[in-house]
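Please read these notes with the model open. They go from a single residue out to the whole chain.

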Amino acid sequence: MVDFGKIKKQIGNNIRKYRKQAGLTQVELSIQADLTDARITQIERGLGAPSMLKLFMIAEALKIPASKLLE
């Protein structure tokens with residue numbers, strides 16, 4: 001069975017990792033990805049998952065392919 005909680009955690013960890021590598025704060029990323037900073041926090045903590053569109057917007061803000069966030 002697929003563990004969706006684990007998948008959300010992994011996506012959140014990847015977003016956090018690439019955000020820090022890009023030298024961005026959660027607020028800066030939220031502005032660039034057109035999300036609230038509270039939503040970025042929620043996603044990074046694995047408490048929620050971004051829609052496919054938002055995932056691509058986050059990846060674009062981080063200047064990485066969206067596939068990197070799904071690894």
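1. Ile40 is buried, at a relative accessible area of 1%. Buried means under 20% relative accessible area, exposed over 50%, and partly exposed in between (1.4 Å probe, protein chains only). Ile40 sits in helix H3, residues 37-44. Helices here are DSSP runs of H or I with at least four residues, strands are E runs of at least two, and numbering starts at the N terminus.

2. A word on the basis. This is a predicted model: local features need pLDDT of at least 70, side-chain atom pairs count only at pLDDT 80 or more, and totals for chains, interfaces and linings use all residues. Residues are numbered from 1 along each chain as its sequence is written, and side-chain values use heavy atoms, with hydrogens and water left out.

3. What does Ile40 touch, not counting residues up to four places away in sequence? The partners are Gln26, Leu29, Ser30, Leu35 and Ile58. Contact means heavy atoms within 4.5 Å. Ser30 is 10 residues from Ile40 in sequence, and their C-alpha atoms are 6.4 Å apart.

4. Ile11, Ile15, Tyr18 and Arg19 of H1 meet Leu55, Ile58 and Leu62 of H4. By class, this contact has 6 nonpolar, no polar and 1 charged residues. The classes: Ala, Val, Leu, Ile, Met, Phe, Trp, Tyr, Cys and Pro are nonpolar; Asp, Glu, Lys and Arg are charged; the others, Gly among them, are polar.

5. Now the geometry of that pair. H1 (residues 4-21) and H4 (residues 52-62) pack at about 20°, with axes 10 Å apart. Axes are lines fitted to C-alpha atoms, for helices over the stretch in contact; angles run from 0 to 180 degrees between N-to-C directions. H1 and H4 are therefore roughly parallel, a term for angles under 35 degrees.

6. Ser51 lies in the loop between H3 and H4. Ser51 is partly exposed, at 38% relative accessibility. Its C-alpha is 17 Å from that of Arg16, 35 residues away along the chain.

7. Overall, the protein has 4 helices and 0 strands. Of its 71 residues, 37% count as buried. The radius of gyration is 11 Å, which agrees with the value near 11 Å for a compact globule of 71 residues. That radius is taken over C-alpha atoms, and the globule rule is 2.2 Å times the number of residues to the power 0.38. The C-alpha trace spans about 35 × 25 × 20 Å along its principal axes.

Methods
Angles under 35 degrees count as roughly parallel, over 145 as roughly antiparallel, 65 to 115 as roughly perpendicular and the rest as oblique.
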